Each structure stands twice: as C-alpha cells, then as structure tokens.
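Here are my notes on the model, point by point. Have it open while you read.

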Amino acid sequence: MTMIFFRALIALLLTAGLGVSAALELGVSKGGDKWGYAGEHRACLRPLAESGDLIATVGLTLPAVDERHPLSRESWLGLYLEDPAQKTRYVAVFFNPDWSSTPSALVPGILSYEKNGNFRKRLASEKIKISGTLFLRTELRGGTLLMSWSRDGKTFSAPLSQEVPAGFVPKLVGVTVDCYTGQPVTAITFDSLRVKTRSGEQE
C-alpha cells in the first residue's frame, strides 16, 4: 500500500490564502503507479479560485541523504499544478534520474500528464547539488509554462519552457514529493509557497 506522510504540518497547507506560513515536511513511504494521469499522486494542494496567468514559487530545504533517508531513483520534489477538468497535470521538480537512492545532485525538470495522457518528463542539462535551500518557480504565461530555479530566491535560472494544451486552466496548486518506482522518499521541508495571480500576491 502506498502512503504519503506528513510531519510538523502547521494548520494544514494553504488553509488561508495561497501560501505556506510555516514549514511543512512531506515524504513518501512507497511510491509507484505513476505511468498514467489516473494513478495515485501524492501532493498537498488547495484550490485556485482565479484563472489566468500566475507565478508560483516554492522554497524548500534539501535533507542530508543517506540509506535511511533516501531519494530513490525517479523520485521528485516540487511544485504541482493541475486542471482536473482537462485532466492535465504539470509538476516543476528536482528529479533523481540516477540508479542511486543517495544521489549527490538532482536535475531540474517538468513532469507532465496532458489530457489524461501518460507520464512525460523534460529535464534540464544542469545538476543541482543536494545541499541547503532551493527555490522552484512556475509561471503560466498565455499558453506557455515556464520553470526556473534558484539558490537565493532572487536570481533564477534561464527557464525551461513547455507549451500547454489549449484551454488549460489550473484549479489546484501545491507541493509534492513522489516517486515513479515503488520506493520511499525521505521527508522534504517546504519552507514557503507564494502564488501571484492577477489580483496580487499572497503567501
């Protein structure tokens, strides 16, 4: 049985506004079943009441990785957007493509399930050392999804971009830790989540 686990969950993620005001630790005891859109996906989400362009930024702290605290092959952590009506999901991630469950670095990327379709991934060429705090940013601009990353939350990388299907309107936003294979993922600390829409920014 697959399970997601939470530690130090303060007032449940995103209960007021569109942000995290206290740290959330999120991990998975066993992943798997990620080939299709309908598979069980593990995330902590809230509804997005406003449609249109948006910018979402998450700050997270990477753990010390070892055999007892693994980041298993094809596991990821990041920022989740979904349009349930269109059955389309995008996840901006730090991804482990290696065989080792104790990698020294992760790869930024975009995971996608479009129109009830199967798993696809687009990974950057850059590797990010597992240490300290990192930031992921997802921007929906017209029909394009942009994903970038940063060490300090101020200066972001050149973005990866991906065209989204016509009519894509995300209605869920949040954070996720998951794994394509049936393996565990250690708890990741999410320090902040900010979402900016046409009506302004909340955190």
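1. Overall burial first: 51% of the 203 residues in the protein chain are buried, where buried means under 20% relative accessible area, exposed over 50% and partly exposed in between, with a 1.4 Å probe and protein chains only. Bear in mind that this is a predicted model, with local features needing pLDDT of at least 70, side-chain atom pairs counting only at pLDDT 80 or more, and totals for chains, interfaces and linings using all residues. Numbering runs from 1 along each chain as its sequence is written, and side-chain values use heavy atoms, leaving out hydrogens and water.

2. On secondary structure, the protein chain has 15 strands and zero helices. These are DSSP runs numbered from the N terminus (helices: H or I, at least four residues; strands: E, at least two).

3. What about contacts along the chain? Taking contacts in the protein chain with a separation of 6 or more, 66% are between residues 24 or more positions apart; a contact means heavy atoms within 4.5 Å.

4. The accessible surface of the protein chain is about 9200 Å², and carbon and sulfur atoms hold 51% of that. The areas are Shrake-Rupley values with a 1.4 Å probe, and for residues only the protein chains shown count as cover.

5. Cysteines: the whole structure has zero disulfides, a disulfide being a pair of cysteine sulfur atoms within 2.5 Å. Cys 44 counts as buried at 6% relative accessibility, and Cys 179 is buried at 0%.

6. Now the inside. The largest nonpolar core has 40 residues, and those touching the most other members are Leu 60, Leu 77, Phe 94, Trp 149, Val 175, Val 177 and Phe 190. Strand β14 (residues 185-197) gives this core its largest share, five residues. Another core of nine residues lies apart from it, including Trp 76 and Phe 95. (A nonpolar core is a set of buried Ala, Val, Leu, Ile, Met, Phe, Trp, Tyr and Cys residues joined through side-chain atoms within 4.5 Å.)

7. Have a look at Thr 176 in strand β13 (residues 172-179). Thr 176 is buried, at 2% relative accessible area, and its side chain reaches the backbone oxygen of Arg 42 at 2.5 Å. Its contacts beyond four places in sequence include Trp 76, Leu 77 and Phe 190.

8. Last one: Leu 71, in the loop between β4 (54-61) and β5 (75-83). Despite the loop position, Leu 71 is buried at 1% relative accessible area. Its C-alpha atom is 7.2 Å from that of Pro 103, 32 residues apart along the chain. Leu 71 also touches Pro 103, and among its other partners are Leu 77, Ile 130 and Ile 188.

Terms used: Polar contact = N/O pair within 3.5 Å; in protein donor to acceptor, adjacent residues only side chain to side chain.
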